[in-house]
Amino acid sequence: MDYLASLTMTLPELILSLGAVALMLVAAWGGQQSTRFISIASVFVLAGAGIALLGPAGSGGPAFDGLYRADAFAAFAKVLVYIASAIAIVMAPDFFRRTTGDDLRPEYPVLILLSAAGMGIMVSAADMLTLYVGLELQSLSAYVLASFMRRDGRSAEAGLKYFVLGALASGILLYGISLVYGFSGTTMFDGIATAYAGSKSLGLLFGLVFVFAGLAFKISAVPFHMWTPDVYEGAPTPVTAFFASAPKVAALALSVRVAVEAMGPASNEWRQIVICAALLSIILGAVAAIGQSNVKRLLAYSSINNVGFALIGLAAGTREGVASVLMYLTIYVAMTLGSFLVVLQMRGEDGQPVESIANLAGMSRTRPGLAAALAIFMFSLAGIPPLFGFYAKFAVFHAAVAAGLFPLAVVGIAASVIGAYYYLRIVKTMYFDDPATAFPPVENKVEGGLIAIAAIFISPFGYLAIPLIGGWTMAAAQSLF
């Protein structure tokens, strides 16, 4: 393999890594005054990485003797990751200035870039060790981001919990990788698939279980979800929005690639794990959210619930199932980022964040535009037609039925009714309860514009994009088969 060709295929990760190093040097010499420049430059670095996907990095095939794969599936996931990462950078400066009274520190966008580089390696991994290196690069950046507000006890607690539980999950994953390697003799996905196609040993089955357990933590699927509510509540809101979008996309895409490429011949074995995790995540995410009073904790359980629906598409194990997962992730990212952008607008007179659901009371009269946007996001997350969130659920259920998993689709549809309750409770609070103290208007045209774009995308206008997104997701799914 020509190493120049391999470097060309890994150009997005090279751009992100070199950009992060260069901007870190700028931060070292420029200090706090360089934050604005570094934030803007980081967004351009992410845009450059996205543009690089138009070349061999988007469809070049295997690189570095098969350790890395540049294909349409990875390119699709990377586009979502880069968009979510850029928005997480854009929404941070105003939050930190109003919350802490200080400007954002320049390390924040650099950590986002390094995390995005790790996520790019994750979704393009064709080897278990490449997978692990990418995952750890993403995780190490995430641990620091979770505790970025050093003087905030909740943020420090969130970072510590995420680090301890993340280290445990990484150990479980690494143990599973060692079992798979020990009984297959290789860490390459194609070699592992050959081993699973032969006589399946008990060691290979145990390896499969441990690998999926480690990945379940990264996507916060039940029963490895325990870190999610505390970390989402304690981390700074822009970081929480980042955690709920970009790493979720990367981890789910990685899980799909491992399931289809590395362990495809063992689909009957891993399908049982995926179905169980999907149903538990849907049900627990819906039921546990009902009693929440903090909007960030509610959105944490919402993310667990939505992971369950995405896993229904993976359980199908077909090209249509993988395409439905990608479609679901696309719509989910828009709904989630839009919801967190609205949460950023919830501030008291002193500029401090207000996260109680009770404070949303009567917002339809005090901030009608903001209430309408949040209502759209909540209705869409609940999967209520004609909003675009309905199509996301329809896609995964259709794929499950087509794969013969009719009972799974029926249970998923029934459980989605439970989840609709707490989304509708927020809408009821905004439109029918007596008004609480009005949120002062936040003069941030960028955040307002992003909320409007997200709301339009998940409105019925989003259906106009189905031919484009549907064709792209199907082509991305086909590259795995």
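Helix α7 (residues 107–124) and helix α13 (residues 237–262) have axes that come within 8 Å and cross at roughly 15 degrees. Helices here are DSSP runs of H or I with at least four residues, numbered from the N terminus. Axes are lines fitted to C-alpha atoms over the stretch in contact, with angles from 0 to 180 degrees between N-to-C directions. So α7 is roughly parallel to α13, a label for angles under 35 degrees.

This is a predicted model: local features need pLDDT of at least 70, side-chain atom pairs count only at pLDDT 80 or more, and totals for chains, interfaces and linings use all residues. Residues are numbered from 1 along each chain as its sequence is written, and side-chain values use heavy atoms, without hydrogens and water.

Next, the core. It is the largest nonpolar core and has 167 residues, among which F243, V258, M263 and L311 touch the most other members. Such a core is a set of buried Ala, Val, Leu, Ile, Met, Phe, Trp, Tyr and Cys residues joined through side-chain atoms within 4.5 Å. Helix α16 (residues 319–344) supplies the largest share of this core, 18 residues.

What is F243 in contact with, leaving aside neighbours within four places in sequence? The partners are A142, L145, A146, Y162, V231, Y232 and K248; contact means heavy atoms within 4.5 Å.

Finally, S34 lies in the loop between α2 (11–30) and α3 (35–52). S34 is buried, with a relative accessible area of 8%. Buried means under 20% relative accessible area, for a 1.4 Å probe and protein chains only. Not counting residues up to four places away in sequence, S34 touches V26, A27 and P106.

Conventions: Helix = DSSP H or I, 4+ residues; strand = E, 2+ residues; numbered from the N terminus. Parallel < 35°, antiparallel > 145°, perpendicular 65-115°, else oblique. Buried < 20%, exposed > 50% of the residue type's maximum accessible area, 1.4 Å probe, protein only.
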